[in-house]
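Morning, everyone. Let's take a quick look at this one together. Please keep the structure in view while I talk.

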Amino acid sequence: MLLSNTAIYSALDDGRLTVLPEPAPRYCPIDGSRSPYDSTAINLRLGNVFRTPKDNLSICFDVPRGNIRDTLKIFYEEQRLTDSESYNLQPGKFVLATTREFIKLAKDRKSEWVNKPLLAARVEGKSSFARVGLLVHFTAPTIHCGFEGQITLEIICLGKYPIILKPGMQICQLLVEEVFQDPSNYTSQFQSQTDPAGKI
C-alpha cells in the first residue's frame with residue numbers, strides 16, 4: 001500500500017523512515033513556493049558526486065562474477081561538482097549520481113510502533129524530466145526495508161538534446177510503501193553507500 005504525504009509525515013515522526021536532511025516545508029507555504037511533498041511521494045534532490053564510464057577501454061562487464069562496487073570504482077571516473085556548477089548530459093550518454101538526501105528504512109521494530117508496518121520504497125523519475133528524455137533509473141527502483149544510504153541514480157539522456165543537471169535540483173521522487181510482515185534480514189553490498197558506485 002502506497003503512503004500518502006500525511007502517512008509519510010507520520011513515518012518520519014515515528015522513525016520508521018528517516019530522510020536527512022529532511023525535506024521542508026511539509027505543507028505549501030503561503031508565499032507560493034512548493035512543498036517537496038506531493039500527495040504520495042517525496043521529491044529528492046541531486047547530489048554533488050557523479051561517476052561516468054571511462055572512454056576507450058577494451059573491457060566487457062561480467063556482472064554476476066565480480067564485485068560490481070569495486071569494478072565501478074576502477075572503470076568509472078569521479079567528478080564532484082559544487083552547487084554552482086552543472087553537468088551537461090549529452091544524448092545517449094550515461095552517468096551515475098546520488099540523491100543529496102540520506103535515506104533510512106527501519107529494519108528493527110520498536111515496541112511503540114505496535115501494529116504499524118515497516119516500510120520499503122521506490123525511486124521514480126519526475127514527469128517533467130521524462131518528457132525531455134531523461135531517465136533517472138532503470139530496472140532498479142526498489143529501496144528495500146532495512147536499507148540506509150544515499151540512493152544511486154542511473155541516469156541516461158534518451159532525448160535528442162543535452163540536458164543540464166544541477167546539484168540540488170529536484171531530480172526524482174521517493175514513493176513509500178508498507179511491508180506485509182516483518183522481513184527476516186537485509187544485506188547488500190550497497191548498504192550505507194555515499195558514492196554512486198557504492199559504499200565509501
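Start at Leu 46, which sits opposite Thr 99 in strand 6. One caution: this is a predicted model.

Strand 3 and strand 6, residues 94-105, run antiparallel, with 3 bridges. Strand 3 has other partners. With strand 12, residues 170-178, the pairing is antiparallel over 4 bridges. There, Arg 45 has Gln 170 as its bridge partner. With strand 4, residues 76-80, strand 3 is antiparallel again, over 5 bridges. Pro 53 faces Tyr 76 in that strand. Then there's strand 2, residues 37-38, antiparallel to strand 3 over 2 bridges. Those two make a hairpin, with 2 residues between them. Asp 38 pairs with Ala 41 there.

So how much of strand 3 is buried? Mostly covered: 10 of its 13 residues are buried.

Now the core. The largest nonpolar core has 38 residues. Leu 46 is among those touching the most other members, and so is Ile 171. Leaving out residues up to four places away in sequence, Ile 171 touches Leu 44, Arg 45 and Leu 46, among others. Phe 129, Leu 134 and Leu 165 are also on its contact list. A second, separate core has 6 residues, including Trp 113 and Cys 145.

Last, the surface. Leu 57, Ile 59, Phe 61 and Val 63 form a nonpolar patch, together about 340 Å² of accessible area. Ile 59 is in the loop between strand 3 and helix 2. Why partly exposed? Because Ile 59 has 41% relative accessibility.

Methods: Residues numbered from 1 in each chain as written. Predicted model: local features only at pLDDT ≥ 70, side-chain atom pairs only at ≥ 80, totals over all residues. Heavy atoms only, no water. Patch = residues over 30% accessible without salt bridge, like charges linked within 9 Å, V, L, I, M, F, W, Y side chains within 5 Å. Areas by Shrake-Rupley, 256 points an atom, 1.4 Å probe, with all protein chains shown as cover. Salt bridge = Lys/Arg side-chain N within 4 Å of Asp/Glu carboxyl O. Buried < 20%, exposed > 50% of the residue type's maximum accessible area, 1.4 Å probe, protein only. Core = buried A, V, L, I, M, F, W, Y, C linked by side-chain atoms within 4.5 Å. Contact = heavy atoms within 4.5 Å. Pairing = 2+ DSSP bridges.
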